[in-house]
Amino acid sequence: MSFTVEKALETAHILTEALPYIQRFAGKVMVVKYGGNAMTDPNLESSFARDIVLLKTVGIHPVVVHGGGPQVDNLMTELGRTSNRIDGMRVTDKITMDVVEMVLGGSVNKSIVNLINKHGGRAIGLTGKDANLIRAKKLPMQKTDEHGNLSEIDLGYVGDVVHIDKNVIDLMIASNFIPVIAPLGVDENGETYNINADVVAGKVAEFMAAEKLILLTNIKGVLDKNGNIATGLTPSKIDEMIADGTISGGMIPKINYALEAVKHGVKSAVIVDGRVPHATLLEVFTDQGVGTLISNNV
């Protein structure tokens, strides 16, 4: 690519726009939930890893929480087994739990660690079982049938977060590592549970008092009634958008996880399109950002 003054000035403008954000966020924790298409497209994998390494290099402390549902589905298919889901939740029996642990805590986690390290980072992989990082409990689920009767649904080894041991993450950060966390938790009896990665990311951000929670998704963000990305959302505005149907379906639990985090001390949460190359950098270091920002400001 040939050098021109115009291109040089454009580069300088980008760098100077990033400077105040680098200064503002230096020393702060940012939790990034990584999943979806960004985990299967080599170019997006590379841009994600470079974003994480850059954050760490300029003094920000990224903590990565990852999913891996499609990878679990693929191995289940290879093993001749099927995954049943109820309202999007995977019913997880003992054999399925073994597969989930092998994929999330093994192949997927180590692949992300390797990816970040290959781009100059110092990542270390963890599951919630390591040093009891994620204390979990069985997730209860209730469902109302067509006659209005409420019944209990047993999802098996599907859990919710009770506690995050922030000391484990603090130790990794103090040692200049980038923690990469698989969303597996363990209860007081040593039983392992599969936990939604958005839930784990939100809880990690909450217990770490993170500056920002970034949820990389397969959509542009929360859209308003005109199809534009809605941002600067507050709890009251979110309630309005759910009530009038602007926010619906699978977006409701995702935005509620983000909202729960900001209600418990996280400065802001943002739902970002992970299909955009370098989405994390664009969100953190530009004036406009690229996603739906959620804060507890009124």
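Buried means under 20% relative accessible area. The legends below refer to a predicted model.

**View 1**
Leaving aside neighbours within four places in sequence, Leu213 is in contact with Val31, Ala201, Gly202, Ala205, Ala258, Ala261, Val266, Ser268, Ala269 and Val270. Between Leu213 and Lys33 the C-alpha to C-alpha distance is 7.9 Å, although the two are 180 residues apart in sequence.

**View 2. The open sheet of seven strands.**
The strand order is β5-β10-β2-β1-β13-β14-β15, and the pairing is mixed. Strands β5 (123-127) and β15 are at the edges; each has a single partner strand, so one side of each lacks a neighbour in the sheet. From one strand to the next, the twist averages 20°. Ile124 has Pro179 in β10 as its bridge partner.

**View 3. The stacked pair of Tyr34 and Phe48.**
The structure holds three aromatic pairs. In the pair of Tyr34 and Phe48, the ring centres are 3.7 Å apart and the angle between the planes is 5°, a stacked arrangement. Tyr34 is in strand β1 (residues 29-34) and Phe48 in helix α2 (residues 42-57); the pair links distant parts of the chain, 14 residues apart. Tyr34 and Phe48 are both buried.

**View 4. The tilted pair of Tyr157 and Tyr193, with Lys94.**
The ring centres of Tyr157 and Tyr193 are 6.2 Å apart and their planes stand at 45°, so the pair is tilted. This pair also links distant parts of the chain, 36 residues apart: Tyr157 is in the loop between β8 (150-153) and β9 (159-164), while Tyr193 is in strand β12 (residues 192-194). With a relative accessible area of 23%, Tyr157 is partly exposed, whereas Tyr193, at 8%, is buried. Over the face of Tyr157 lies Lys94, at 5.2 Å from the ring centre.

**View 5. Arg122 over the ring of Phe177.**
The distance from the charged end of Arg122 to the centre of the Phe177 ring is 4.3 Å. The charged end sits over that ring.

**View 6. Buried and exposed sides of helix α7.**
Helix α7 covers residues 235-243, and Pro235, Ile238 and Met241 in this helix are buried. Around the axis they cover an arc of only 125°, so they are on the same side of α7. An α-helix has 3.6 residues a turn, so residues three or four places apart point the same way. The buried residues of α7 pack against α8 (251-263) and β15 (291-294). On the face turned away from the buried side, α7 carries the exposed residues Asp239 and Ala243. Gly245, which follows α7, has a positive phi, near 85°.

Methods:
Residues are numbered from 1 along each chain as its sequence is written. This is a predicted model: local features need pLDDT of at least 70, side-chain atom pairs count only at pLDDT 80 or more; totals for chains, interfaces and linings use all residues. Side-chain values use heavy atoms; hydrogens and water are left out. Rings of Phe, Tyr and Trp (its six-membered ring) pair if their centres lie within 6.5 Å; planes under 30 degrees apart count as stacked, over 60 as edge-to-face and the rest as tilted. Helices (H or I, at least four residues) and strands (E, at least two) are DSSP runs, numbered from the N terminus. Buried means under 20% relative accessible area, exposed over 50%, partly exposed in between (1.4 Å probe, protein chains only). A charge sits over a ring if NZ of Lys or CZ of Arg is within 6 Å of the ring centre and within 35 degrees of the ring normal. The arc is that of the directions from the helix axis to the C-beta atoms. Contact means heavy atoms within 4.5 Å. Two strands pair if DSSP finds at least two bridges between them. Axes are lines fitted to C-alpha atoms, for helices over the stretch in contact, and angles run from 0 to 180 degrees between N-to-C directions.
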